[in-house]
Amino acid sequence: MRVVLATHNSHKADEFQRILAASVPGLEIVAYEGPEPVEDGVTFAANALIKARVAAAHTGLPALADDSGICVDVLGGAPGVFSARWSGRHGDDAANLHLLLDQLVDVPDEHRAAHFSCTIAFVSGSTETTVEGVWPGELARVARGDNGFGYDPIFLPAGEGGASAAELDPQRKNTVSHRARAFALIEPVLRASCTD
Ligand code: ITT
């Protein structure tokens, strides 16, 4: 089954190819080229569906999309759906990350809980499915590590011995992350669609 992936984020596309396409027999993921969706939803699920619907309508193919971000408890869940444009510059990972660190400079260690969230939407004809994966942890005080992307250098996942997500081996991240958890939930749906 050919499925179009509605993302312009090459890091996400890479994780979809290497984890999801590799684990679902018969699944071919192709890049989306077409009109840019307007991500004006207030939840990850709403935005993931907006992106998948636009790609499905434009290509006539089943479509996958991912809307994700980091949610900080002491900020009431922000940046959340605004993670990609937290600094005002969409996709500027360094600016987004440093703004968030600055905002939390006075927040003590015991109040730095945060989580990554990833919602994947799959739209195939009139059937729409969304799944969510969450990765709990806390926010660091300084950026550390060279792997991954986005907020990985300032996210300390629970149970990883204090390492930042960017210090984890990529294979480890791809086993335990919010996206890995969402992949595990969407995988059976895609497997079933591939055998229809
Ligand atoms: P598309 O909408 O084209 O898919 P995008 O990067 O704009 O790409 P989102 O709107 O979903 O995607 O924003 C996701 C934000 O969360 C962005 O700032 C990412 O850097 C960050 N993010 C998502 N997953 C992440 C991960 O696994 N590690 C670090 N940061 C992540």
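Predicted model: local features only at pLDDT ≥ 70, side-chain atom pairs only at ≥ 80, totals over all residues.

Reader: Why is D67 called buried?

Author: A residue is buried if 20 or more other C-beta atoms, placed from the backbone, lie within 10 Å of its own. D67 has 29 such neighbours, so D67 counts as buried.

Reader: What makes a residue a contact of D67, and which ones are there?

Author: Two residues are in contact if their C-beta atoms, placed from the backbone, lie within 7 Å. Leaving out residues up to four places away in sequence, D67 touches F44, N47, A48, K51 and T119.

Reader: Where does D67 sit?

Author: D67 lies in strand β3. Strands are DSSP runs of E, at least two residues, and helices are runs of H or I, at least four; both are numbered from the N terminus.

Reader: What does UniProt say about D67?

Author: An unreviewed UniProt entry places the feature "binding site" at D67. The annotation "active site", also from an unreviewed entry, covers D67. Such annotations may be inferred rather than shown by experiment.

Reader: Which element gives the largest share of the shell around the ligand?

Author: That is β3, with 4 residues.

Terms used:
Residues numbered from 1 in each chain as written. Buried ≥ 20, exposed ≤ 12 C-beta atoms within 10 Å, placed from the backbone.
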